[in-house]
Amino acid sequence: MPAVAPPSPAFSGSGRYLLSGLATPQSMSDGSVELQQAQMTEGAAVADEVMAALERNGVSFVGLPGKKDAKKEGSGRGGRLQLPSTVRIDIPASNPGRAALKVWEELVNVLRKDGADPAAAFVHRKKVQHAEKNIRDAFMALYRGLELLKKFSSLNVKAFTKILKKFVKVSEQQRATDLFSQKVKRSSFSTSDKVLQLSDEVEALFLKHFAGNDRMVAMKYLNPQQPKNTHMITFLVGLFTGTFVSLFIIYAILAHVSGIFASTGNTAYMEVVYHVFSMFALISLHCFLYGCNLFMWKSTRINQNFIFDFAPNTALTHRDAFLMSASIMCTVVAALVINLFLRNAGASYANAVPGGLIVLSAGLLLCPFNVFYRSTRYCFMRIMRNIMFSPFYKVLMADFFMADQLTSQIPLLRHMEFAACYFMAGSFRANPYETCTTSQQYKHLAYVISFLPYYWRAMQCLRRYIEEHDINQLANAGKYVSAMVAAAVRFKYNVTPTPFWMWMVLISSSGATVYQLYWDFVKDWGFFTPKSKNLWLRDDLILKNKFTYYISMMLNLVLRLAWAQSVMKIRINKNETRLLDFSLASLEIIRRGHWNFYRLENEHLNNVGKFRAVKTVPLPFRELETD
């Protein structure tokens, strides 16, 4: 284990010198020489005790002097035991898991000794828990790899059997076929039981150390089963969808009769309804498209749960995503109908209904009870925390995938900004909605919100560049910086619509669009591979019809040019402007949902090409090369 200096003088004791000469005279310059020698002797004694316990369990050490030599060296230097600064543990190749587990058990037992000072432990308790989780995840990945290896073996035997049947039909040589079949059945991959033995050993170790000898708990981790699909979810999707359509027709008729959508209608009501309805409608549309993505990924055998590191027993299915989308829209339209009835009846608290809907949604998202997909909600909040505090958290696939979704949901963030200003500030009581649209603070905040998703994504790229030293991450960060520059120029053009700023919008937005299209097609989707057998595409394609990829490329190109509408001076009224803005926001979400499928298709093909079927778990100890 590496040498670690004590964090502070208060951390005194024996635990921090465990298994190595962790304290040296240079690292303990404070205090008297006698105190230093006493602490080093005590630490070395505990290290020697633990090493002796490990040796009794069959663990050996590399490069450690013998007992006699250590005693002679210790007696020649004032009785102080001398240990090297780093002790290498010899893990046998024949049985690495059991030896490594013995080492870890002994280290944890020292921390849990009766009377041990927790502040003196050289490994913090949180680190112990994190290390135990890593070891548990490593056992789960190993068990899954062994299960896949068993399936691979049986699959090969079945494939050989079918090939020989075809051979008999063509050649009519039954004798030669029987000879080949016997060789296949006697081959090592068919008869060897090493994989079964390793699988049983991993299961026994996991059962003992991580499941409390409870087999049901152990198999819940080692072999999680996805819950069976029931027709109830499909029924609820149809029920909520039909209810939504009926309520929407009722709302449209009532609004038309009340004259709300006319040019002389209630402007304050339209402002509130437009922002609240658009906010939930865009969320529902994104959930619906994610359900379409899940359906397509399942149909094409793309393992999205492995790519995102989702648990199979709690991951969403396409039916679950459709249910979320339909229930959201049904609830929102029902709230709008109730709000309209109350307004027509002259109720003074009618505008509090959309605010109550927002509070209900926030409460459901934070609800601690196991209702309405609690594991998915908590996973979403954890990912959002990682995104908002970028680059202070390690960036995983699910983190930057969600951050990419946010770059397409900037209109949603703007609607949330208005709703927060209107309801949280108490403005709904007197309907002064102009304070949330015309004030300078609101405009500056809108400017910042337009920047945030691109900033978070750029910070994630910088974090990955620091960790992986991949120059492509810097180039990817440049793409989001160019998008921020284009957004800033468009914001300036809306404030001062002069010909100069119009040309600046054209130049900056065109450059950012070309940058984004290149990254979409080449990096994210893997197209334009040199010397590919499929023109302008890649060698491996999951969809059978190649024209689907060409159509998708053209659609992505057209939808990327939606910013051109900001330059065009289209003379339309206020309601038509709102409808156009909502349509453009919906088209961007559709483009993102379309982009999602090809992004994960490329990631899946990379995993298949590099034979990645289980995740790599970092273990809580260093792996050293043997001599």
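I started with Ile253, which sits in helix 9 (residues 231–258). My helices are DSSP runs of H or I, at least four residues long, numbered from the N terminus. This is a predicted model, so I kept to the rule that local features need pLDDT of at least 70 and side-chain atom pairs 80 or more, while totals for chains, interfaces and linings use all residues. Residues are numbered from 1 along each chain as its sequence is written, and side-chain values use heavy atoms, without hydrogens or water.

Then I checked helix 14 (residues 374–388) against helix 15 (residues 397–407): they pack at about 80°, axes 9 Å apart. That makes the two roughly perpendicular, a label for angles of 65 to 115 degrees. Axes are lines fitted to C-alpha atoms over the stretch in contact, with angles from 0 to 180 degrees between N-to-C directions. On the helix 14 side I noted Phe380, Ile383, Met384, Asn386 and Ile387, and on helix 15 Ala398, Asp399, Met402, Ala403 and Leu406; contact means heavy atoms within 4.5 Å.

In the loop between these helices I found Pro391, joined to Ser390 by a cis peptide bond with omega about 5°.

I also looked up salt bridges (Lys or Arg side-chain nitrogen within 4 Å of an Asp or Glu carboxyl oxygen), and the whole structure has 14. One of them pairs Glu467 with Lys394 at 3.5 Å, N to O. Glu467 is in helix 17 (residues 440–468) and Lys394 in the loop between helix 14 and helix 15, 73 residues apart.

Conventions. Parallel < 35°, antiparallel > 145°, perpendicular 65-115°, else oblique.
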